[in-house]
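Please look over the model below.

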Amino acid sequence: MKNAFRNPVLQRLHAMSAGQQPQWRQVRFTVGEVWSCPQDKEPEIWFAEEGAWVLEQKLDRQLVEVALIDGAAGLLLPEPSQGRVRALLDGYGYALPAATVASISHEVLLQAQQHLMQQIAVWAYCATHHGPAQALADRIWWMLQTSAVPRTSWPVDGLPGGGHEAAQANPAVRELQQAGAVEVQGALLQVLDASLLRRMACGCHASRAATASATLMPSTPADRMPPA
């Protein structure tokens, strides 16, 4: 049977919801876009089909990046008082009310939360055990693997874990530049040598992305439900 979705968790929900006909709400996002779930709105879980996000949680009134999210699971959108999600890549996905997901399968809901906790743990481990340049190289390499369309440049002030600052104030960016892995042109960071970037990366996120991509269900234009 052909797959309707690339995201394996969303595909599983689709298969388990036969006869229930849940309303998949398509969502689109662009690099740098941010959003939360309004407090007066029913909680939703978003499932990325293409693209990637970084989850930012509020800590002492500041936003702190805590996890990278790709198209391998789902994410319960935080309320504005808890944090927000920021798009790292252009893409699209589907949203379902959390209550609908729970009615289809509590196990799938739990799986989505477990995946998020794993991603938070990976981010925390990386931040504790690796230098800023290693970690930044890894996250950029992760984005290269995650992007559904070729992309080799990103806004410097929006890099995951790179800090919201200009390139000249970011020592990790400067180290990657000096090594010849990237260059900065204006407000954009451009990857010059992907193989060098990969060697400099610690592998915390990128290695997981490579493993996940090998286990994703087949995804060709003919096998998937076309975006509306």
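Leaving aside its neighbours within four places in sequence, which residues is Thr146 in contact with?

## Thr146 and its surroundings

The model is predicted. With neighbours within four places in sequence set aside, Thr146 contacts Gly51, Ala52, Asp70 and Leu89. Thr146 belongs to helix α4, which covers residues 132-146.

Thr146 has a relative accessibility of 13%. The cut-off for buried is under 20%, so Thr146 counts as buried.

## The four-stranded sheet

Strands of a sheet pair through backbone hydrogen bonds, in parallel or antiparallel fashion. Here, four strands form an open sheet in the order β1-β8-β3-β6. The pairing is antiparallel. The edges are β1 (25-29) and β6 (75-76). Each has a single partner strand, so one side of each is left without a neighbour in the sheet.

Six bridges link β3 (residues 44-50) to β8 (residues 91-97), again in the antiparallel sense. Ala48 has Gly93 in β8 as its bridge partner. Helix α1 packs on this sheet and touches β3 and β8. The direction of α1 makes about 115 degrees with that of β3.

## Helix α1 against helix α3

Helix α1 (residues 8-16) also meets helix α3 (residues 106-129). Their axes come within 11 Å. The crossing angle is roughly 175 degrees. Angles over 145 degrees count as roughly antiparallel, and α1 and α3 are therefore roughly antiparallel to each other.

On the α1 side, the contact is made by Val9, Arg12, Leu13 and Met16. On the α3 side, Glu107, Val108 and Gln111 take part. By class, the contact holds four nonpolar, one polar and two charged residues.

## The β4-β5 hairpin

Strands β4 and β5 pair antiparallel over seven bridges. Glu56 has Glu65 in β5 as its bridge partner. The hairpin has two residues between the strands.

Asp60 sits in the loop between β4 (53-59) and β5 (62-69). Arg61 is found in the loop between β4 and β5, and has a positive phi of about 70 degrees without being a glycine. Most residues other than glycine have a negative phi.

Arg61 is exposed, with a value of 85%. The cut-off for exposed is over 50%.

## The three-stranded sheet

Another open sheet has three strands, in the order β9-β11-β10. Its pairing is antiparallel. Strands β9 (153-155) and β10 (182-185) are at the edges, and each pairs on one side only. Neighbouring strands of this sheet are turned by 25 degrees against each other on average, direction ignored.

Four bridges join β10 to β11 (residues 188-191), and these strands run antiparallel. Val184 stands opposite Leu189 in β11. Helix α5 (residues 171-179) lies across β10 and β11. The helix runs at about 115 degrees to β10.

Methods. Residues are numbered from 1 along each chain as its sequence is written. This is a predicted model: local features need pLDDT of at least 70, side-chain atom pairs count only at pLDDT 80 or more; totals for chains, interfaces and linings use all residues. Side-chain values use heavy atoms; hydrogens and water are left out. Two strands pair if DSSP finds at least two bridges between them. Axes are lines fitted to C-alpha atoms, for helices over the stretch in contact, and angles run from 0 to 180 degrees between N-to-C directions. Contact means heavy atoms within 4.5 Å. Angles under 35 degrees count as roughly parallel, over 145 as roughly antiparallel, 65 to 115 as roughly perpendicular and the rest as oblique. Ala, Val, Leu, Ile, Met, Phe, Trp, Tyr, Cys and Pro count as nonpolar, Asp, Glu, Lys and Arg as charged, and the others, Gly among them, as polar. Buried means under 20% relative accessible area, exposed over 50%, partly exposed in between (1.4 Å probe, protein chains only).
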